[in-house]
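Please look over the model below before reading the points.

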Amino acid sequence: MNFFTVFSFNCFHSFHSFHLFQLLVSTIDFRYITDVITPEEAISMLKNAQEGKEERIEHLLVKGYPSYTTQVGWMGYSDATIQELCKKYLDLGFTAFKIKVGRDVNSDMKRCMLVRKEIGYENTLMIDANQIWDVNEAIEWVKKLSEYKPLFIEEPTSPDDVLGHATIAKALRPLGIGVATGEMCCNRVLFKQFLQAGGMQYCQIDSARIGGVNEILSVYLMAKKFNVPVIPHAGGVGLCEMVQHLQMWEYTSLSKSMKMIEFVDQQHDQFVYPTIVLNAKYQAPVEPGYSTELKAEAIENYEYPNGKEWQKMFQEGIFEEIKY
Ligand SMILES: [Mg+2]
């Protein structure tokens, strides 16, 4: 049984459900977060999410879970490449697109315009600055991009600056632009503060950055309490594989609403049970586990420092092998 199925299965059986909620909640460390959420509240939130659960599971199995692509607007792409990629991902069924910004404001305006021209205003555009600005600079810069109607600005400033994010969020709210962050947040306390301060309108958990599923569940519960949608970060090897389980659980068993999961179509071939995205929808995994198992040849080729590819790069002088 996989992660998603375990939690779903739990709740098919109402006789046991209270104890199963207790069991699930008992895996979460509530220390330092009871000012926001208590175990009792968590149990009642899970109980309240039972209604319609079987229908949601059915919907998920049939329709899949929406994704967005980050592939159309990496820095350094030519206009022609951006146009080509927008067309490609539109054809693949994507309706939400994220591009990188922050190097040059005029170039960002041009790139946003280009993407909007291709995807139209009926689709969703998001922008990601990867922590490049100071707070006031972020506000001024994003204001200049506001005419392209991004849903959110991701990581506008230092990922640790809770109050800075809140200041940016407050300034951008009248423009209808939210602040998204979380991919660099490694614990529940930081998430708690972002949520309390209004510093994140979109919560971007990273399944590998936070210390395990238990801690991630606490963030999901707090985000639900603050009514902040979780749109997980998945732009990295294996992240799509892991985060799909969490997000599908969140939909079926906690928030009852679907959001989006980031999707990058790279390196899935290295996994035994790769993510499957069809028509821009993640297909619910049916295999056991958390989908993190790498193929034997992936380890053989890429394990540091003995993998074949590393050894080749050491021999070619691309990297120096460090002997411990
Ligand atoms: Mg990012």
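**Notes on the helix packing and the fold**

1. In α8, V162, L163, H165 and A166 meet Q193, F194 and A197 of α9. By kind, the residues of this contact are 5 nonpolar, 2 polar and no charged. Here contact requires C-beta atoms, placed from the backbone, within 7 Å. Ala, Val, Leu, Ile, Met, Phe, Trp, Tyr, Cys and Pro count as nonpolar, Asp, Glu, Lys and Arg as charged, and the others, Gly among them, as polar.

2. This is a predicted model, in which local features need pLDDT of at least 70, side-chain atom pairs count only at pLDDT 80 or more, and totals for chains, interfaces and linings use all residues. Residue numbers start from 1 along each chain as its sequence is written.

3. Helix α8 covers residues 162–172 and helix α9 residues 188–197; their axes lie 9 Å apart at an angle of about 30°. The two are therefore roughly parallel (angles under 35 degrees). Axes are lines fitted to C-alpha atoms, for helices over the stretch in contact, with angles from 0 to 180 degrees between N-to-C directions. Helices are DSSP runs (H or I, at least four residues), as are strands (E, at least two), numbered from the N terminus.

4. On its other listed packing, α8 meets helix α7 (residues 135–145), the axes coming within 9 Å and crossing at roughly 25°. That makes α7 roughly parallel to α8. V135, A138, I139 and V142 in α7 meet G164, T167, I168, A171 and L172 in α8. This contact divides into 7 nonpolar, 2 polar and no charged residues.

5. Which residue contacts does L125 make beyond four places away in sequence? L125 touches F97, C112, V115, R116, I119, Y148, K149, P150 and L151. L125 sits in strand β3, residues 124–128. L125 is buried, because 23 other C-beta atoms lie within 10 Å (the cut-off is 20 or more; 12 or fewer is exposed, and in between is partly exposed). From L125 to T275 is 150 residues in sequence and 23 Å in space, C-alpha to C-alpha.

6. For the whole chain, the count is 13 helices and 9 strands, and 41% of the 324 residues are buried. The C-alpha trace spans about 60 × 55 × 45 Å along its principal axes.

Methods
Contact = placed C-beta atoms within 7 Å. Parallel < 35°, antiparallel > 145°, perpendicular 65-115°, else oblique.
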